[in-house]
Amino acid sequence: MKPVKVGVLGLGTVGGGTVNVLKRNAAEIARRAGREIVITRASARDLNRERICDTQGIVLTTDPYEIINDPEIDIVLELIGGCGPVKEMVLTAIANGKHVVTANKALIALHGNEIFARASEKGVMVAFEAAVAGGIPIIKAIREGLSGNQIQWLAGIINGTGNFILTEMRDKGRDFSDVLAEAQALGYAEADPTFDVEGIDAGHKLTILASIAFGIPLQFDKVFTEGITKITREDVEYAEALGYRIKHLGIARKTPEGIELRVHPTLIPARRLIANVDGVMNAVLVKGDAVGPTLYYGAGAGAEPTASAVVADVVDVVRALTGDPENRVPHLAFQADSLADIPVLPSEEFRTAYYLRLHAEDKPGVLADVTRILANHQISIEAIIQKEALDDKGFMPIIMLTQITLEKEMNAAIAEIEALPMVNGKVNRIRLETLG
Ligand code: NDP
Ligand code: HSE
C-alpha cells in the first residue's frame, strides 16, 4: 500500500519532537497503522534556525500554503499555535480534503465548533489529543474509554508550566520570574506565557474536556479563570500546616442547576494522589457514575511527550482512512446533532469550600465579628488558626477554612469583613476542594 504523506506546519518544540518520534519509531508505527507514514514536507518561519530535529529527506518551505495546497499531502499537522493565520490554514486544509492533526488548544477551544462542522461536511478528521495535558491520552480516555458513563465531574492539573513554577517555588524557594524563564527555555510555555500563568491555557483545555465529558458545545467564554500570580509563600505554608497543598486546577462539574467550569488555585488534601503531582507533570481525575474516580498522569508539556499524542492521532487517522466517514468517533465524543444545551453557571452560583486569610488588629472581639458575618451568610467554619505572632505591619493573621457554600454568599461576606474597621486590607480567598 502507498505510504501516507504527512505535511508538518511548524518545526518548533512540538513540530521538532513530532519529526523525531515519527522518524525514530517509523517501523513500529507502520506496524501499528498498517501503512508507512512519511513526512514529506514541513514549514517554519526561518529556515536557517537550528532545529531539534533532523529534517533530512523533508522538503522545507516558509509558506505553509505550499503544503496545505499540495495534492500529494494526506494529513496536515498544525503545530504552529495561536488563532491568527492558523485558523484559515486549518479551514483551507479541510476544504482541500485533508485530515488535520493539531496540538492547538486555543484554536479548538475558540473555533472548534466551526472547524468540526466544516470537517464533517468534507468527511475529514480533525484530531487534537495533544491539545490537552501533553502526552496523557486523556481525550481518548474520556471520549472512548469512558463512553459508557455519565461523567459527573473532572478536575485536573492541566498546565505544565504553572505546575512547574508552583513546585519549584514551594520546594526550592525560587522566584516566580526565574522559574518561568526556565519553563520558557525548556519549551513548556506558550508563545505568550501569560496564557500559562493567568489560567487562560488551562481554560482552553478545560473547555475541551468539558465538551467531551458532558456533550456540550465548546464555550471558552463561559469559563471562570484565575491564575497563579497571586499565590503567596505564606498561603502555601499555612495550607501545608492545615494538611493541604495548593494546586492550579481546572474543574468541570455537572450539578442539577448547570455546569461549573472553573480554573483557579485550589487547596486540596495533601494525601490525595493529585496533590503530589509535581513539576511539568499533569494529572486529570475523572469521576464517572459507573467506573467511579479514575486518574490519568503524565508529562503535560515538552517536545516528545506532546509528540507522543500527535503521532497517536496520526495513527488513528491512518487507521480510519478506509472506514466509513459517517461512522467515525465523533470529534466531541457525542454525535454532533446530540450536543446538549446545558447552562454553564456564572461564578456566583459555584458551590465550594474556602480558605480565607485576613489580617486584623490584635483586639478582643475581632474574631467574633468575623464569625458573626460568616454565620449571617450561612457559612460554617471548618477550622481557624489565629497566629500569635503579628505580621510585619503589626496585624494578627487569621486563617480559616469554611465548609461548602455558595460563592455569592462568600463574596458578600468577604465584602463585609473587609469593611470592618479592625480588619486591614483585603481578605485572601482560595477555593478548597476535597476531591472525594
Ligand atoms: P514553537 O514556538 O516552539 O513553534 C512554532 C513553530 O511555528 C515554529 O517552527 C515557527 O517557525 C512556526 N511559526 C510560528 N508562527 C508562524 C506563522 N505565522 N506562520 C508559519 N509558521 C509559523 O511552539 P510549540 O511547538 O511550543 O507549540 C506549537 C503548538 O503546540 C501550540 O499550539 C501550543 O499551544 C501547542 N502545544 C505545545 C506544547 C509544548 O510543550 N510546547 C504542548 C502541547 C501543545 P520558526 O521556528 O521558524 O520560528
Ligand atoms: N504551555 C502548555 C503547558 C503546553 O505548559 O501546559 C502544553 O499544553
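Start with ligand 2 and select tyrosine 188: one of its backbone N or O atoms lies 2.7 Å from a nitrogen atom of the ligand. That is a polar contact, a pair of N or O atoms within 3.5 Å; within protein, one must be able to donate a hydrogen and the other to accept it, and residues adjacent in sequence count only if both atoms are side-chain atoms. On its own, ligand 2 has 250 Å² of accessible area, and the protein covers 94% of it. Accessible areas come from the Shrake-Rupley method with a 1.4 Å probe, and for residues only the protein chains shown count as cover.

A word on the model: it is predicted, so local features need pLDDT of at least 70 and side-chain atom pairs count only at pLDDT 80 or more, while totals for chains, interfaces and linings use all residues. Residues are numbered from 1 along each chain as its sequence is written, chains are lettered from A and ligands numbered from 1 in the order written, and side-chain values use heavy atoms, without hydrogens and water.

**Stay at ligand 2.** Select lysine 105. A polar side-chain atom of this lysine sits 2.5 Å from a ligand oxygen atom. At glycine 160, a polar backbone atom is 2.7 Å from an oxygen atom of ligand 2. Now show the residues around the ligand, including Asn159, Thr161, Asp196, Asp201 and Lys205. Each has a heavy atom within 4 Å of the ligand. By class, this shell has three nonpolar, four polar and five charged residues. Here Ala, Val, Leu, Ile, Met, Phe, Trp, Tyr, Cys and Pro count as nonpolar, Asp, Glu, Lys and Arg as charged, and the others, Gly among them, as polar. Colour α7 (160-172) and α10 (200-214): each gives the shell at least two residues. Helices (H or I, at least four residues) and strands (E, at least two) are DSSP runs, numbered from the N terminus.

**Move to ligand 1.** Which residues come nearest to ligand 1? Of the 23 around it, they are Asp46, Arg49, Arg51, Glu190 and Gly302. Select glutamate 190: a side-chain N or O atom is 2.7 Å from an oxygen atom of ligand 1. Glycine 302 uses a polar backbone atom, also 2.7 Å from a ligand 1 oxygen. Alone, ligand 1 exposes 900 Å², and the protein buries 84% of that. Its shell holds nine nonpolar, eight polar and six charged residues.

**Go inside.** Select Ile138 and Val286. They have the most contacts inside the largest nonpolar core, which has 52 residues. Such a core is a set of buried Ala, Val, Leu, Ile, Met, Phe, Trp, Tyr and Cys residues joined through side-chain atoms within 4.5 Å. α10 gives this core its largest share, eight residues. Isoleucine 138 touches Leu209, Val284 and Tyr296, among others, leaving out residues up to four places away in sequence. Contact means heavy atoms within 4.5 Å.

**Finish outside.** Lysine 2 lies before β1 (4-9). Is it buried or exposed? Lysine 2 is exposed, at 66% relative accessible area. Buried means under 20%, exposed over 50%, and partly exposed in between (1.4 Å probe, protein chains only). Last, select glutamine 378, in the loop between α13 (366-376) and β14 (381-386). Its phi is positive, near 55°, in a residue other than glycine. Most residues other than glycine have a negative phi. Glutamine 378 is exposed too, at 60%.
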